[in-house]
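Here is a short briefing to read alongside the model. Keep the structure open as you go.

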Amino acid sequence: MSDTPPDRLSVHPGSPFYDEGALTRGVGIRFKGAEKTNVEEYSVSEGWIRVAAGAAKDRFGNPMTLLLKGKVEPYFRDVADQAS
């Protein structure tokens, strides 16, 4: 596996952008320079992340999400730990 996370990744197994290998390895997200830990999905090329909107749920029991636009910088946590 390369040291570059995928361009788009989702934490939901039903999504076509779900990648268990990358999630197991641990992907961190910097959004507009700030570390985010509640990211549900991201796209680097399109410049957005989806984050949970509190405890609100949709009619299927999935968390409600907000789409935030800006610079997205994903990284693998194991590589960041080695660099420190």
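Which residue in strand 5 is the bridge partner of Glu-41? The partner is Arg-50. This is a predicted model, in which local features need pLDDT of at least 70, side-chain atom pairs count only at pLDDT 80 or more, and totals for chains, interfaces and linings use all residues. Residues are numbered from 1 along each chain as its sequence is written, and side-chain values use heavy atoms, leaving out hydrogens and water.

**The sheet**
- An open sheet is formed by four strands in the order 1-4-5-6, with antiparallel pairing (strands are DSSP runs of E, at least two residues, numbered from the N terminus; two strands pair if DSSP finds at least two bridges between them).
- Strand 1 (8-10) and strand 6 each have a single partner strand, so one side of each edge strand lacks a neighbour in the sheet.
- From one strand to the next, the twist averages 25° (an angle between N-to-C directions, from 0 to 180 degrees, of lines fitted to C-alpha atoms).

**Strand 5 and its partners**
- Strand 4 and strand 5 pair over four bridges.
- Strand 5 (residues 48-57) and strand 6 (residues 63-69) pair over six bridges, and Ala-52 has Thr-65 in strand 6 as its bridge partner.
- Five residues lie between the strands of this hairpin, where Gly-61 takes a positive phi near 90°.

**Around Val-51**
- Val-51 belongs to the largest nonpolar core, which has eleven residues (buried Ala, Val, Leu, Ile, Met, Phe, Trp, Tyr and Cys joined through side-chain atoms within 4.5 Å; buried means under 20% relative accessible area with a 1.4 Å probe, protein chains only).
- Strand 2 gives the most to this core, with three residues.
- Not counting residues up to four places away in sequence, Val-51 touches residues including Val-39, Met-64 and Leu-66 (contact means heavy atoms within 4.5 Å).

How values were computed:
Buried < 20%, exposed > 50% of the residue type's maximum accessible area, 1.4 Å probe, protein only.
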